[in-house]
Amino acid sequence: MQQYHFDTLIIGSGLAGLTLALNLAQNQKVAIVTKRSLQDSSSTWAQGGIAAVLSMEDSADAHIRDTLVAGAGLCDEAITRCVVENGPPAIKWLISQGVNFTRDSNNETGYHLTREGGHSVRRVIHINDATGKAVQSTLSTKIRTHPNIAILEHHIAVDLITSSKLTHHPDNQNDRCYGAYVLDIKADTIHTISAHNTVLATGGAGKVYLYTTNPDTATGDGIAMGWRAGCRIANMEFIQFHPTCLYHPHAKSFLISEAVRGEGGLLKLPNGERFMPWHDERAELAPRDIVARAIDFEMKKRGLDCVYLDISHKSSDFLKQHFPTIYTRCHELGIDITRQPIPVVPAAHYTCGGIVVDRKGKTDLGNLYAIGETAHTGLHGANRLASNSLLECLVFGQAAAEDILSLSSVPPVSLPKWDESRVTDADEEIVISHNWDELRRFMWSYVGIVRTNKRLQRAQHRINLLREEINEYYTNFRVTGDLLELRNLVTTADLIVQSAMLRHESRGLHYSLDYPNLLPQAQNTILRRKEFELASENSVPI
């Protein structure tokens, strides 16, 4: 076990984390902790693109308006304007880093802009249908060669180190973060990493659900660690289900981009009949929450395993040029999208809530930041507008860097080593896999696209039982990566259910059969640790 010190410790390697690192590294020693390789993140899996006002036909006001409409009354208008207005400079920064967006000589911008659900104009800049992968690859190359950036791959954060966890406060300030304990998965060793600033950029929590478009790394780690450290958590009931995940027994978590519908793809029943016009006048281009609920409704009403997304009316050359990744993957599975519709189902996609932060990414805890999907900035409200997520990563990554660089440096603090003197090796690790599977199944069944009071109560009961088992396991046995992820998933699931139980209306991504109407005033759901613990003793009323 060793103690390391850095100016800034970044936990997570998605677009938010990499953007922050590159903006800090000219002046600071930075460490990036990532559970797998540097490019294993939800950002890498992002297909569609980045929404930004780049065309003369577009405007900041139009982008803001589209975001506010999708957010169903819960977007922070000041934050939304800040993010939208910083969109074009963020895209220019990516281009300066070497990102090669898809060109279009017929567009005055010089780049091809596509349109996605909820957008009133074409404003999504992209790299074919693999935007995230291309952006992450470009930035990762720069990260790997930067002398001031240390990359700790196959490392997973165990917990944050805060003033309240130390036997004495190294200073007389309010509670703050001093770094984190980090498990080296391959060496099976826990290191102590101290840092003047720590940043949670671990992404969302899609793996809390049985079906998700997210990679296996999306286990809510940052949200859970921030909660345990005392940060406020907001709007965790708003889990975005992407309407179109490929339905195939061998297609694990493969997303069919929103851009397929943006370029004319039509949703159909098995008999070839369109159904979206029955649900919304915007049809296939309605926001994701509406499209996902419509698909869920039709599947349940008719007993269907899936519905179909048909873009075969477009030319073969068009599809191969605009959607090469989707075309290739479907072809590998025996689906020719130039001739056949694509079988699709909704799947958990994006966590709109998270750790409460200000416009610089600062949390309630001193020297602790949260950016990207881990954070609740106020941009997304009750439903994220397509392709606003990578934009948020860029803008808040740069904003956090600006704030961190404005702070004066302090000498490193000596922190206690991780104590595992009273634990033993686990005797039955099958408990972890069983609990993981049980959690994801009941979350899908009880806390999915459509919710009821009874379903939420059932989920809460099972979460309480699982939490007791997992806490006992965590206390008595040496930690592993799987155990840490499961612990974080149960905490995150608890936050989702508690938030859902507190919202007595249907708004955006949260739809309750018991409360189908909107309340007259939109309010955020804010969870605080002390109130949460008090409520847990008596269960939250419905």
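This report describes selected residues and helices of a predicted model.

## Basis of the description

Because the model is predicted, local features need pLDDT of at least 70 and side-chain atom pairs count only at pLDDT 80 or more, while totals for chains, interfaces and linings use all residues. Residues are numbered from 1 along each chain as its sequence is written, and side-chain values use heavy atoms, with hydrogens and water left out.

## The annotated residue Arg288

In an unreviewed entry, UniProt lists Arg288 under "active site"; such annotations may be inferred rather than shown by experiment, feature names are shortened, and positions follow the numbering used here. Arg288 belongs to helix 10, which covers residues 288–302 (helices are DSSP runs of H or I with at least four residues, strands are runs of E with at least two, and both are numbered from the N terminus).

With a relative accessible area of 6%, Arg288 is buried (buried means under 20%, exposed over 50%, and partly exposed in between, using a 1.4 Å probe and protein chains only). Apart from residues up to four places away in sequence, Arg288 touches several residues, including Phe241, His242, Glu258, His349 and Arg384, where contact means heavy atoms within 4.5 Å.

## Two crossing helices

Helix 5 (residues 87–96) and helix 13 (residues 389–405) pack at an angle of about 85°, and their axes are 10 Å apart (axes are lines fitted to C-alpha atoms, for helices over the stretch in contact, and angles run from 0 to 180 degrees between N-to-C directions). The two helices are therefore roughly perpendicular, a label for 65 to 115 degrees, with under 35 counting as roughly parallel, over 145 as roughly antiparallel and the rest as oblique.

On the side of helix 5, Gly87, Ala90, Trp93 and Leu94 meet Leu391, Leu394 and Gln398 of helix 13.

Ser42 is found in helix 2 (residues 42–45) and is partly exposed at 24% relative accessibility. Beyond its neighbours within four places in sequence, Ser42 is in contact with Asn214, Pro215 and Ala218.

Ala72, in the loop between helix 3 (60–70) and helix 4 (77–85), has a phi near 55°, a positive value in a residue other than glycine, and Ala72 is partly exposed at 23% relative accessible area. Ala283 lies in the loop between helix 9 (276–279) and helix 10, and its phi is near 50°, again positive in a residue other than glycine, but Ala283 is buried, with a relative accessible area of 10%.
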